[in-house]
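Subject: Structure handover

Hello,

Here is the structure to look over. My notes on it follow below.

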Amino acid sequence: MKNVFKNLPSFVKQIFTKSCQAINTRLGFYVLVVILMVLKTLFAYGMDFSWLHVSSPYQVFLMLINPIGFNMLVLALPLFFKNKHLFYGGMMALSAGLTTFLYISIVYFREFTDYMSVNVILNY
């Protein structure tokens, strides 16, 4: 592993090692999963939902911060588990569930060119 870092500047080595140490904690893993889910949601907004047809800077701001709160709230549930296996299993299960829900929303939008309503979600 040290051969990989041989040509990197020292500050890059420090940043990489500190970020790896932070991810190895529960809170660091939680933050990583939230960031990845938010990026996945924003990618879906851009590629499949045509950026939700936003037109003003205020709407762009709302579109960018919208998935952060929901993902933080849902993915915080496994933080209540003290058991390490329950925590990581819960994080993976919730992440897979949110990804599945996002995929179902994309497929529904492609088929009907409309967003899923609460009634459609409850009928599933």
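Helices here are DSSP runs of H or I with at least four residues, and strands are E runs of at least two, numbered from the N terminus. Y30 is found in helix α2.

Some ground rules. This is a predicted model, so local features need pLDDT of at least 70, side-chain atom pairs count only at pLDDT 80 or more, and totals for chains, interfaces and linings use all residues. Residues are numbered from 1 along each chain as its sequence is written, and side-chain values use heavy atoms, with hydrogens and water left out.

Start with Y30. At 7% relative accessibility, Y30 is buried. Buried means under 20% relative accessible area, exposed means over 50%, and partly exposed is in between, with a 1.4 Å probe and protein chains only. Leaving aside neighbours within four places in sequence, Y30 is in contact (heavy atoms within 4.5 Å) with M72, L75, A76, L79 and M91. Y30 and M72 are 42 residues apart along the chain, yet 8.6 Å separates their C-alpha atoms.

Next, the largest nonpolar core. Such a core is a set of buried Ala, Val, Leu, Ile, Met, Phe, Trp, Tyr and Cys residues joined through side-chain atoms within 4.5 Å. The largest one has 19 residues, and V33, L75 and M91 have the most contacts inside it. α2, α3 and α4 each give two or more residues to this core. The largest share, 9 residues, comes from α2. In general, nonpolar side chains tend to be buried together in soluble globular proteins.

V33 contacts L75, M91 and S95, its neighbours within four places in sequence aside. S95 lies in helix α4. Its relative accessible area is 15%, so S95 is buried.

Aromatic pairs

The structure holds 8 aromatic pairs. Rings of Phe, Tyr and Trp (its six-membered ring) pair if their centres lie within 6.5 Å; planes under 30 degrees apart count as stacked, over 60 as edge-to-face and the rest as tilted. F49 and F109 are edge-to-face, at 5.0 Å centre to centre and 75° between the planes. F49 lies in the loop between α2 (26–47) and α3 (57–75), and F109 in helix α4 (residues 84–112), so the pair ties together parts 60 residues apart in sequence. Both F49 and F109 are buried.

F109 also pairs with Y115: the centres are 5.1 Å apart and the planes at 20°, so this pair is stacked. F109 has a relative accessible area of 13%. Y115 is partly exposed, at 38%. Y45, F49, F109 and Y115 form one aromatic cluster.

The largest pocket

A pocket is an open set of points on a 1 Å grid over the protein atoms alone, where a 1.4 Å probe fits, with protein on both sides within 12 Å along at least five of seven lines; lining residues have an atom within 4 Å of a point. The largest pocket is lined by 18 residues, and T41, Y45, F101, L102 and S105 lie nearest its centre. α2, α3 and α4 each give two or more residues to the lining. α4 gives the most, with 5 residues.

T41 sits in helix α2. T41 is buried, at 10% relative accessibility. T41 touches P67, N71 and L102, not counting residues up to four places away in sequence.

Best wishes
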